[in-house]
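I opened this model to go through its helices, cores, salt bridges and backbone angles. My entries follow in the order in which I looked things up.

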Amino acid sequence: MATQLPNIERVQENVRRMQAQSATQDDVVGYLKTEGYTPTRFEAAVASAKKVGGPPVEAGFGRSLMQGLTFNTADEIEAAFRAGAISGPEYQNQLSRVRAGIKQYEEQYPGRAFTGELMGGLLPTAAALIAAPFTGGATAPAAAAGAARTVAALPTLGSMTLRGLGYGTASGIAAGAGGATGGLESRVMGGLVGGGAGAVLGAAAPAVTSTIGTGARKFAQATGMTQPISATDKARELIAKKLAQEGISPEDLAARQAAVVKALGGRDETLADIGGESMRRLARGSMAIPNAAQTDVRQMLTERAIGAGPRITKDITDLTAIGERDIGDVAAEIIQRRKDAAEPLYKQAFEAGEVYSPRIDELLAKSKDIKTAIEVARGLPQFADLPANSMLLLDKAYKYVGDMANEARKAGKGSRANDLDTLRNDLLDAIANKETGIPVYREAVNTFASESLLKDALELGAKNFLRKTPAEINREIKKFPGDAEQQMYRLGAVQSVRDEIFGMRDTANIADKFLNSREMRDRMRTVFNSQGEYETFIKNLERERQMAVTRSRIEGGSPTAPIQQDIAELQAQSPSEMLAAGAQMAGGNITGGAINLMRQLSPRLQGMNENVAEQISRSVLDPRFNQQQEFLMGLTPLMDQLRRQALQQQTRAAGTSTSAGQMVPGLLAD
């Protein structure tokens, strides 16, 4: 018995007496330790006693053993005996006290409590071990194996049936061969007979024991001996099982989601979006059953889908530092900022006077376009008397050639535009040559070439951006020598993408447009100034796609066979099974038909299906991040409990299958 659980009222009275006698805090703490308490646990025990209407009932190893043996219903049974009733306020008070004692024992001695529950579940296996001397030892190996196996996932009846078949076959072969008399031929035949019979009985044993256990629980609930599971608890149990199927712990999922929100920002994501396909199927099943949450959830899904386009647009503009401003305003701001930054650089370059370079002389002598540019510039009075190699005239020539290249490009004269781009780059290299030229001029040009060049780059970037190949886009960007022009080109591309999104009639599945094509991914990569910005954009697109998938699962199509399978976990059996129950009674099987009919009607009469569906819908389709975190962390104790029950269930099944497997060979041996 746990020493941590003495009579709480007695300990409280002793503490009051010590305090009345001016005992020190250390003396009080020392006394509490002798009673098995720390100050924190003592305060919790006092609070628990007040909450349940009396001190917790002392618990120990024996009570944990009974919990495991009785499918975790020993607490309800004990409360019924203490209260002398199977319902009412006194029964609830006694049940609270018993459960409070069990909880305190589990907190103080978790290892002992788990061992007790496990041993309760192992009693069928123990029975198989006891029967071993009478079956030639055939049951011992399988029983030991069943007790040693640790489960990582919640078992299904199908998986236990397969295991039971194996246990039953093995024990049947051994028992049949061991119990046979005569020579080798007789023992082989006995093993074959025993194995065949053991396979059938061993496979059936888990289903039989599961049915008996379920029936016992249902009977106890129907008669009021135990309280039916609430809709909230049933919903939490189903959600926990889905997480187990996905191999995700609630803590890991909560931590993963918190990291995503911290790194990428918030989204109206739900547990159905982040919890895997099993969680989506559960959400689909809950929303297929009429319930009070449907209107709110469907409205949320619709609003979330409508907002996909604006959210993706915001991602693009935020990551490229454009924001919600008009593209024209952003372009004007870039032009002015670049112009201001380039002004002192141009001033420094112009102060250098003239450029003496063989390459400059060669270009001035051979290039008709440069000569034309010089003559045009000299048409202005302030440039009329300047030599052709002066920085002021060379700057005019450089920008004039750039304007001609852009005009040719607009006119569709690609070859001419390429030739002029090459000439412009040659002229820039000659002017800014580190040894014979003025290097600062290149820095000035990269900062700001001319307003017309920047506007041309903006227009080119916006023109048919989503219809150009990634290679074509990269070629166009590289034709602009300065960072300013390249920035304006990307700005035009952003404008093109924004216009495309705003022009789409349905943006619910917009993420697929940008994710499903390798070419589209590469095209979008050119919009961003860095790989980090692009990767963040793609991650947010993937989040949008998951949200779209959730909506399509819930809203798409009629309740076909897969959806009916999802509903089956929440809802009672189909009307066809109710008709079958009626046919049983009409055929003379009154008892069996009535039992089946009550099994169909009971959940409906209790209103359980709709309530469970509502709780699931509100839990797994809630887009509020803080509520998700709180809900997931609250699932951890339930997940631990389900794992313990799974282990108990499997060990019980192993024991019963092993014992059943050797039953027929044992009878034959007699």
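**Ground rules.** I am working on a predicted model, in which local features need pLDDT of at least 70, side-chain atom pairs count only at pLDDT 80 or more, and totals for chains, interfaces and linings use all residues. I number residues from 1 along each chain as its sequence is written, and side-chain values use heavy atoms, with hydrogens and water left out.

**Overall.** I find 34 helices and zero strands in the chain. Helices (H or I, at least four residues) and strands (E, at least two) are DSSP runs, numbered from the N terminus. The chain has 670 residues, and 46% of them count as buried. I then looked at contacts, meaning heavy atoms within 4.5 Å. Of the contacts in the chain with a separation of 6 or more, 76% are between residues 24 or more positions apart.

**Salt bridges.** I searched the whole structure and got 37 salt bridges. The criterion is a side-chain nitrogen of Lys or Arg within 4 Å of a carboxyl oxygen of Asp or Glu. Side chains of opposite charge can pair when their charged atoms come close.

I went back to Asp395 and Lys399, whose side chains form a salt bridge at 3.3 Å, N to O. Both sit in helix α20 (residues 391-410), four residues apart, so about one helical turn separates Asp395 from Lys399.

Next I noted the salt bridge between the side chains of Glu451 and Lys339, at 3.8 Å, N to O. Glu451 is partly exposed, at 32% relative accessibility. Lys339 is partly exposed, also with a value of 32%.

For Asp622 and Arg624 I read 2.9 Å, N to O, in their salt bridge. Asp622 is buried at 12% relative accessibility, whereas Arg624 is partly exposed at 47%. I also recorded one network, in which salt bridges that share partners join Arg267, Arg311, Asp315 and Glu544.

**Cores.** I looked for nonpolar cores, each a set of buried Ala, Val, Leu, Ile, Met, Phe, Trp, Tyr and Cys residues joined through side-chain atoms within 4.5 Å. In soluble globular proteins, nonpolar side chains tend to be buried together. The largest core here has 73 residues, and Ile316, Ile370, Leu427, Tyr441, Met488, Leu491 and Met524 have the most contacts inside it. Helix α17 (residues 327-350) gives the most to this core, nine residues. A second, separate core has 32 residues, including Leu282, Met287, Leu638 and Met639.

Which residues does Leu491 touch, not counting those up to four places away in sequence? I list Ile322, Ile327, Val330, Ala331, Ile334 and Leu458.

**A helix pair.** I checked how helix α18 (residues 358-366) packs on helix α19 (residues 368-378): the angle is about 90 degrees and the axes are 5 Å apart. Axes are lines fitted to C-alpha atoms, for helices over the stretch in contact, with angles from 0 to 180 degrees between N-to-C directions. I class α18 and α19 as roughly perpendicular, the term for 65 to 115 degrees. Leu363, Leu364, Ala365 and Lys366 in α18 meet Lys368, Ile370, Lys371 and Ile374 in α19. By class, the residues of this contact are five nonpolar, no polar and three charged. Here Ala, Val, Leu, Ile, Met, Phe, Trp, Tyr, Cys and Pro count as nonpolar, Asp, Glu, Lys and Arg as charged, and the others, Gly among them, as polar.

**Gln94.** I placed Gln94 in helix α6 (residues 89-108). Gln94 is buried, with a relative accessible area of 8%. Leaving out residues up to four places away in sequence, Gln94 touches Ala79, Arg82 and Ala83.

**Positive phi.** Most residues other than glycine have a negative phi. I noted Ser22, not a glycine, with a positive phi of about 60 degrees. Ser22 lies in the loop between α1 (8-20) and α2 (25-34) and is exposed at 62% relative accessibility. I also noted Asn464, with a positive phi near 55 degrees. Asn464 lies in the loop between α23 and α24 (470-478) and is partly exposed at 41%.

Conventions:
Buried < 20%, exposed > 50% of the residue type's maximum accessible area, 1.4 Å probe, protein only. Parallel < 35°, antiparallel > 145°, perpendicular 65-115°, else oblique.
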